[in-house]
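Thanks for coming. I have one structure to go through today, and I will keep to what can be computed from it.

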Amino acid sequence: MTDTKFYEDITTAVQKHLGEDWTAELLTNVTKNNGTNRVAIILYKNDDKIRPQIYLEKYYEDYQRGKELQEIVEEVLKVYKSAMKDINPKNLKHLEEWGNIKERLALRIVSKERNQEELYNLVYEEICDLVAIATICVERNGEGVKSIRITQDLARKWNVSNEEILEAAKENTSKLFSPKIQDLYEFVQDMVDISKEELSQGQKNFPDLQILTNDLCINGATVILYDSFMKDVYERLGGKFIILPSSIHEVLVVPLEDSMYIPYLQEVVESINQRFVAEDEILSDNVYMYDGEKIVLAFDKNGVWHYEKNND
């Protein structure tokens with residue numbers, strides 16, 4: 001069975017299971033971060049305003065490995081029920097009222113180049129070749145975050161300027177998602193099974209490599225927008241530091257004076273993005289620097305120097 005046929009069949013099966021009072025709708029071109037496309041199903045009854053999207057690619061892989069269609073239907077319904085349980089309808093009730101929503105705004109940093117087609121209708125500000133888009137944090141818990149990107153249409157309904165939205169979002173982000181810094185090798189040791197020998201070798205090559213993220217490790221690269229936090233990192237690392245965009249979820253930092261040849265670091269970042277990072281989680285192929293006041297582009301994927309430490 002082809003993936004297209006599977007998606008159609010699973011939608012039909014879910015619809016049949018729920019009955020005619022429900023709608024099971026197949027979405028074959030859901031645009032996610034970096035212009036990636038996903039296939040999803042949404043389920044709703046009558047005029048339900050809450051319609052969580054359930055992505056189906058994983059279930060097609062399960063089907064290819066031998067899982068029965070009916071078993072997959074049951075899993076989809078279980079995911080739907082769990083999503084509806086987690087979402088508090090009160091959080092969406094006053095979505096169009098600025099006074100009730102402004103304290104739940106937050107920024108999320110993404111690639112400008114990879115999201116160019118989506119930006120025209122979003123509220124955002126540029127940081128080098130990146131953009132910080134404004135979102136509404138609908139729900140957050142230990143398992144993840146549910147958010148809605150703020151469109152220009154929604155901003156007009158609120159009757160507030162983009163500048164007001166961005167200011168509120170910037171102020172709230174660090175309150176909603178507290179930052180953290182951790183030694184990379186401690187982080188790696190917590191996440192994967194790695195020998196002490198491999199760990200010590202990495203520490204010899206990059207003794208001061210640190211990871212910056214937030215308390216959930218989700219969209220954690222946004223912590224580079226936290227002014228006070230970045231100044232604290234600046235003091236901790238003893239001055240200017242290089243920023244390596246690991247993904248939208250975290251960045252790596254190393255003191256400028258301890259960093260290796262910067263063009264080489266850029267090649268490493270680009271190679272890791274191509275080989276190990278999911279397309280919708282790539283932040284950038286470029287290398288950045290924090291100078292104590294702001295983030296600047298240091299070296300880009302086209303081989304162009306934007307900053308040379310020898311000229312500092």
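Predicted model: local features only at pLDDT ≥ 70, side-chain atom pairs only at ≥ 80, totals over all residues.

Numbering runs from 1 along each chain as its sequence is written, and side-chain values use heavy atoms, with hydrogens and water left out.

The overall figures first. The protein chain has twelve helices and 13 strands. Those are DSSP runs, numbered from the N terminus: H or I of at least four residues for helices, E of at least two for strands. Of its 312 residues, 45% count as buried, where buried means under 20% relative accessible area, exposed over 50% and partly exposed in between, with a 1.4 Å probe and protein chains only. Among contacts in the chain with a separation of 6 or more, 61% are between residues 24 or more positions apart; a contact is heavy atoms within 4.5 Å.

Two strands pair if DSSP finds at least two bridges between them. Strand β2, residues 37-45, pairs with β3 over three bridges in the antiparallel sense, and alanine 40 is opposite tyrosine 55 in β3.

How does α1 cross α2? The axes of α1 (residues 3-18) and α2 (residues 57-64) come within 10 Å and cross at roughly 105 degrees. That makes α1 roughly perpendicular to α2, on a scale where under 35 degrees is roughly parallel, over 145 roughly antiparallel, 65 to 115 roughly perpendicular and the rest oblique. On the α1 side the contact involves Asp3, Phe6 and Tyr7, and on the α2 side Glu57, Tyr59, Tyr60 and Tyr63. By class that is five nonpolar, no polar and two charged residues. The classes are Ala, Val, Leu, Ile, Met, Phe, Trp, Tyr, Cys and Pro as nonpolar, Asp, Glu, Lys and Arg as charged, and the others, Gly among them, as polar.

Within α2, Tyr59, Tyr60 and Asp62 are buried. Seen down the axis, the buried residues of α2 fall within an arc of 160 degrees, so they line one face of the helix; the arc is that of the directions from the helix axis to the C-beta atoms. After α2 comes glycine 66, with a positive phi near 110 degrees.

Six strands make an open sheet in the order β8-β9-β11-β10-β12-β13, with antiparallel pairing. β8 (179-183) and β13 (295-299) are at the edges with a single partner strand each, so one side of each has no neighbour in the sheet. Here the twist averages 35 degrees from one strand to the next.

Which strand is largely enclosed? In β11, six of the six residues are buried, so the rest of the structure largely encloses that strand. Glu250, Leu252 and Val254 point one way from β11, while Val251, Val253 and Pro255 point the other way. In general, side chains in a regular strand alternate between the two faces of the sheet.

β11 (residues 250-255) is joined to β9 (residues 210-214) by three bridges and to β10 by five. Leucine 252 is the bridge partner of isoleucine 211 and also of leucine 244. β10 and β11 form a hairpin with two residues between them.

β12 and β13 pair over four bridges, with tyrosine 288 opposite leucine 297. Their hairpin has four residues between the strands, and glycine 292 there takes a positive phi near 100 degrees.

Last, helix α12 (residues 262-276) lies across β10 (241-247), β12 (287-290) and β13, at about 10 degrees to β10. Glutamine 266 is in this helix and is buried, with a relative accessible area of 4%. Beyond its neighbours within four places in sequence, glutamine 266 contacts Asp285, Asn286, Val287, Phe299, Asp300 and Lys301. Its C-alpha is 7.9 Å from that of leucine 244, 22 residues away along the chain.

Note on methods. Axes fitted to C-alpha atoms, helices over the stretch in contact; angles between N-to-C directions.
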